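Student: Please show me how to read this structure, one feature at a time.

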Amino acid sequence: MGNKMNKLTNKKRLVSIILAGVLLLGGCGAKEVSNTEDTVAEDQFSEEIVIGFSQLGAESDWRTANTQSMKDTFTSDKGYRLIVEDGQQQQSNQIMAIRKFIQQEVDYIVLAPVTETGWDTVLQEAKDAGIPVIIVDRQVDVSDESLFTCWIGSDFSLEGKKAAEWLHQFAVAKDIPESDIHIANIQGTIGASAQIGRTEGLQEGAKKYGWDLLAEVPGEFTQAKGKEVMESLLKEYPQINVVYCENDNEALGAIEAIESAGKTVGSDILQGEIMVMSFDAVTKNIMRCIMRNKITFDAGCNPHHGPRVEAQIQLLEAGKVPDMFSYVEERIYSYDATVPSLEVDNNSYSVTVVTSKTLEEFK
């Protein structure tokens, strides 16, 4: 809050200088309005909360929804000014954006980091400037957790565990020997929290249940790369019957590649179909893919962080301390009720079968 008070003081000084100039130029007639203008200007400065948002990019439908959630939340009619900087998937761009926010003396910085490491220096600069930093979505690996104020996002490790447990229960229900499950993993951006958690969930499941994990190849969370990677995987591993995609855009690319190769996407892997599993589940198009069994399983990843970030900022504005880590609630979706629910770490999670009614919840 110290930075905000310094900003306010500086702006008041600027107002005083401007008004003094008006008095000199306009003579005694300006005196009648000077107090009013001074009050209005100071009120405007004190009420406006300026937020700098460093978004890592626009690589996926999830990312687009995440950015929109921030824009829908931090509007001018609610007393906010939101400055969005697109990092274009480059950490260097995000670091420059944060330094720009510091120069602009924003009240809060919100960071959706492209990778976990490499943030210590710039976050220390923000801390030295007295600007609270809120991390969203992916996490940061820093030497001192006081370099950021709080984090809001998904439990990616739990998402990966949910997917692995669903696959195990699906195999049991369909009498599919675990050793007959041949998996290709199209990973996300290497080093991102989502990639780390979702990859670990699959690896742990493969080790525990004896699946044949054929390959793990980065797909960069994009549809184009997902297609490219899937094309290569099909040529190298013709026995693939499960594709584990670490986001929906990769899944769409994989589906395109599978069908272009003359193969069938679906859950009947004993009859030669290739089953697609995915993460995110944020658009109506993806829900339709699940209904048609193009994507058999999808672990939801909630992108609507805006209201949660606002709640933390309001706590800080009130002089209170928010929780250091806040996980968002998420659902699990599937094509049918083969696995109605699953248990992970002694917690039970229901599985939603996607119907036409489910589509109504999505844009």
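Student: Which residues does Glu-165 touch, not counting residues up to four places away in sequence?

Tutor: Contact means heavy atoms within 4.5 Å. With that sequence limit, Glu-165 touches Tyr-209, Leu-342, Glu-343 and Val-344. Before we go on: this is a predicted model, where local features need pLDDT of at least 70, side-chain atom pairs count only at pLDDT 80 or more, and totals for chains, interfaces and linings use all residues. Residues are numbered from 1 along each chain as its sequence is written, and side-chain values use heavy atoms, leaving out hydrogens and water.

Student: Where is the place of Glu-165?

Tutor: Helices (H or I, at least four residues) and strands (E, at least two) are DSSP runs numbered from the N terminus. Glu-165 belongs to helix α6, residues 156-173.

Student: Is Glu-165 buried or exposed, and what is its nearest side chain of opposite charge?

Tutor: With a 1.4 Å probe and protein chains only, buried means under 20% relative accessible area, exposed over 50%, and partly exposed in between. Lys and Arg count as positive, Asp and Glu as negative, while His and the chain ends are not counted. A salt bridge puts a side-chain nitrogen of Lys or Arg within 4 Å of a carboxyl oxygen of Asp or Glu. Glu-165 is buried but has no salt bridge, as Lys-208, the nearest side chain of opposite charge, is 4.7 Å away.

Student: With which side chain does Glu-165 make a polar contact?

Tutor: A polar contact is a pair of N or O atoms within 3.5 Å; within protein, one must be able to donate a hydrogen and the other to accept it, and residues adjacent in sequence count only if both atoms are side-chain atoms. Here the partner is the side chain of Tyr-209, at 2.8 Å.

Student: What is the phi of Asp-280, and what is that of Ala-281?

Tutor: Most residues other than glycine have a negative phi. Asp-280, though not a glycine, has a positive phi of about 120°, and Ala-281, also not a glycine, has one of about 55°. Asp-280 is in strand β9 (275-280), while Ala-281 lies in the loop between β9 and α10. Asp-280 is buried at 5% relative accessible area, and Ala-281 is buried at 6%.

Student: In what order do the six strands of the open sheet come?

Tutor: Strands pair if DSSP finds at least two bridges between them. The order is β2-β1-β3-β4-β5-β11, with parallel pairing. Strands β2 (80-86) and β11 (325-327) are at the edges with a single partner each, so one side of each has no neighbour in the sheet.
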